[in-house]
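I opened the model today and kept notes on what I looked up. The entries follow in the order I made them.

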Amino acid sequence: MIEFVPDIPRWRQVAEVVRGRIADGTYPPRTRVPSVVQLTAEFGIANATAHKVLRALREEGLTYTEPGLGSFVTQGSQGSDPASGA
């Protein structure tokens, strides 16, 4: 679990952790990222917060969802910096 900063929404903080794991190869392309249940257990967040994390990553193009299977890292996400647009 991480220590949350009070002034930043928790979903943003968790999304940043997952983004970092994608960038450093912890979650390589085409591998599954943690599910809502796994995110709630690891970070102690609510289901709605975990859904928001996964939605944000999908909207950024870092992940895609396979219905019934989960969310996966997109090809080419590893090592990219979302802030730079690379």
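Entry 1, two helices. I noted that H1 and H2 are roughly perpendicular to each other, because angles of 65 to 115 degrees count as roughly perpendicular. The angle I found for helix H1 (residues 10-23) and helix H2 (residues 36-43) is about 110 degrees, and their axes are 12 Å apart. This is a predicted model, so I keep that word in my notes.

Which residues in H1 meet H2? I listed Val14, Val17, Val18 and Arg21 on the H1 side. On the H2 side I listed Leu39, Glu42 and Phe43. Sorted by class, this contact of H1 with H2 has five nonpolar and two charged residues, and no polar ones.

The pocket is lined by 15 residues, and Ser35, Leu54, Thr65, Gly70 and Ser71 are the closest to its centre. Helix H3 (47-59), strand E1 (63-66) and strand E2 (70-73) each give two or more residues to the lining. H3 has the largest share, with three residues. By class I wrote down seven polar, five nonpolar and three charged residues for this lining.

I found an average pLDDT of 91 for the chain, with 90% of the residues scoring at least 70. Over residues 80-86 the pLDDT is below 50. I also noted that this stretch has seven contacts in the model beyond near neighbours in sequence.

Technical notes:
Residues numbered from 1 in each chain as written. Predicted model: local features only at pLDDT ≥ 70, side-chain atom pairs only at ≥ 80, totals over all residues. Heavy atoms only, no water. Axes fitted to C-alpha atoms, helices over the stretch in contact; angles between N-to-C directions. Helix = DSSP H or I, 4+ residues; strand = E, 2+ residues; numbered from the N terminus. Parallel < 35°, antiparallel > 145°, perpendicular 65-115°, else oblique. Contact = heavy atoms within 4.5 Å. Nonpolar A, V, L, I, M, F, W, Y, C, P; charged D, E, K, R; others polar. pLDDT = per-residue confidence, 0-100. 1 Å grid on protein atoms, 1.4 Å probe; cavity = no way out; pocket = protein on both sides within 12 Å on 5 of 7 lines; lining within 4 Å.
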